[in-house]
Amino acid sequence: MGSSEQEQAWPAMELTSSTLIAHGSNSGDSISSAESARSHCSTTPDPMSMSVDSFDVGYDSDPIDRFFHVSRWQRQLSSIQRRLRRRGASPQKPPRKEALLREIRERRQAVASRFREEQRKVVGTMRERQQRLQQRYTKQVKEMRGQLDKVLSKARLARARQIRHMVCFVLSMADVVATAFWLGASPSTFHHYYTFKCTALITGRAIWYRWHGWHYFLFDLCYFCNAMILTYLWIFPNSEMLFSATYGFSGMLLIAIPLFRNSFVPHSLDRVTSVQIHLAPAFQLWALRWYGSDGRFAMPETMTVIPSLCFYIIWAMGYVLNQFVFDRRFIETKGYPTLFKHMAVDMGMLKILPRRLQGPVASRVTFVLGHFGLFCSCLPAVHFPFFLHCIALCVATLWTFKNGASFYITYFWRVYDAQIHAFEQQMAQAAAESQKETTTVLESMQAENPSHTISDEEYDDADGDTEMDNILS
């Protein structure tokens, strides 16, 4: 049925229903009407099979008949509508062409998404590799720069050390000339040069030793003696007692040169300073003793050793309290070197002592008593005459030269010996290679002519040709 027919059917159905209700209300015989309706409904044809004309023909017939016709037609129409709704709600299978297109589209999207994912992975991997390569390159550049800086720093350090040694060597040799000239030309004014030299060297050593943790050596007797001389020269020049006390240390200063192996090594500032702090004050005391009676400095008429003993005891008490009492634990904890450790351990004097004197207390007492005995053995130098005093200074100076020569000869001999050994090894290796090549040549000659016997002249010629080839190569 068309939509226009349905629109005409629904008002007709409503009209028939209202007519049926009105008719049922006016008729008294409801039972007969129902039975006639049933009989009529049983004989009524299918509305779906009826044409529009047949329906229109029966439209003017009995209202009850029209009602049943319309009801049946309405039920069938409702069933048709339900079936149509079910068909519309049930999924229909798309055509094969659309399914293939959809499948191709889905595959293309999957391939595209996979390609994009792989592209992202490749790009990420390339970025990671680029970052790793950049980091590796940066690390290698830093390492190369560090190695280059180390090489340059070593070169600069070696160059700076070389320049420092050259300057120290020149100044040391100039000091020898200046000291000899000043003592010969004007010994009474030598204290000016001594003050400048002693102040500069001891100040530099104090800074250097403090930097390396060797500053406890500055409490030794030689530095105390230099301080006493400077005090006498510039603070108490009229004190005869102070000069007597200071002059008594001259023998101890001279004996310390062979004892501590002071060597005159002009390129080494440390060794030159060690020589100067023992030899320079001895020269200054010599100049004061024999050429200082011009009225500026007070000279005693008779020399005595009592002031020297008193000042030595003062120094020894301060040294023992500082090194062995107050700062003993601090020195042992920090491992600072001292004169006691240098003489007992480094110089091996502790092993010479008997076992009962090798303890911590007994060894220190032995050190103090031995140092005092050495000082007392040098006190007779106070009474040396001019000639003997000059000889003592010359011997001490020559001893420093001898130790310096031993240092240089030992050093250069080691270098020379190493070079000689290297040259001998090269010569032995060249001789072995020459012998091997000579044997190879002779074996080849013998293989070419087995019946030929090699003479000594041919052997020498082959050996000579091989040596010439080695020389030319």
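**Exercise 1.** In this predicted model, state how many nonpolar, polar and charged residues the lining of the largest cavity has.

*Solution.* By class, the lining of the largest cavity has 8 nonpolar residues, 1 polar residue and no charged residues. To see where these classes come from, list the residues: Tyr312, Trp315, Ala316, Tyr319, Val320, Phe367, Val368, His371 and Phe372 line this cavity. Tyr and Trp count as nonpolar, whereas His falls among the polar residues, so His371 is the polar member of the lining.

**Exercise 2.** Find which helices each supply at least two residues of the lining of the largest cavity, and which gives the largest share.

*Solution.* Step one: the helices are H11 (306-326) and H15 (360-378). Step two: the largest share, 5 residues, comes from H11. Step three: the space in this cavity is about 60 Å³.

**Exercise 3.** Describe the second largest cavity by volume, lining and class.

*Solution.* Start with the volume, which is about 40 Å³. Next, the lining is made up of Tyr194, Lys197, Cys198, Leu201, Ile202, Asn226, Gln276, Ile277 and Ala280. Helix H6 (190-212) and helix H10 (269-291) are the elements that give two or more residues to this lining, and the largest share, 5 residues, comes from H6. By class there are 6 nonpolar, 2 polar and 1 charged residues. Lys counts as charged, so Lys197 is the charged residue of this lining.

**Exercise 4.** How many cavities of 30 Å³ or more does the model have?

*Solution.* With the cut-off at 30 Å³ or more, the count is 3 cavities.

Technical notes. Residues numbered from 1 in each chain as written. Predicted model: local features only at pLDDT ≥ 70, side-chain atom pairs only at ≥ 80, totals over all residues. Heavy atoms only, no water. 1 Å grid on protein atoms, 1.4 Å probe; cavity = no way out; pocket = protein on both sides within 12 Å on 5 of 7 lines; lining within 4 Å. Points joined across faces, edges and corners; volume = space filled by probe spheres on them. Helix = DSSP H or I, 4+ residues; strand = E, 2+ residues; numbered from the N terminus.
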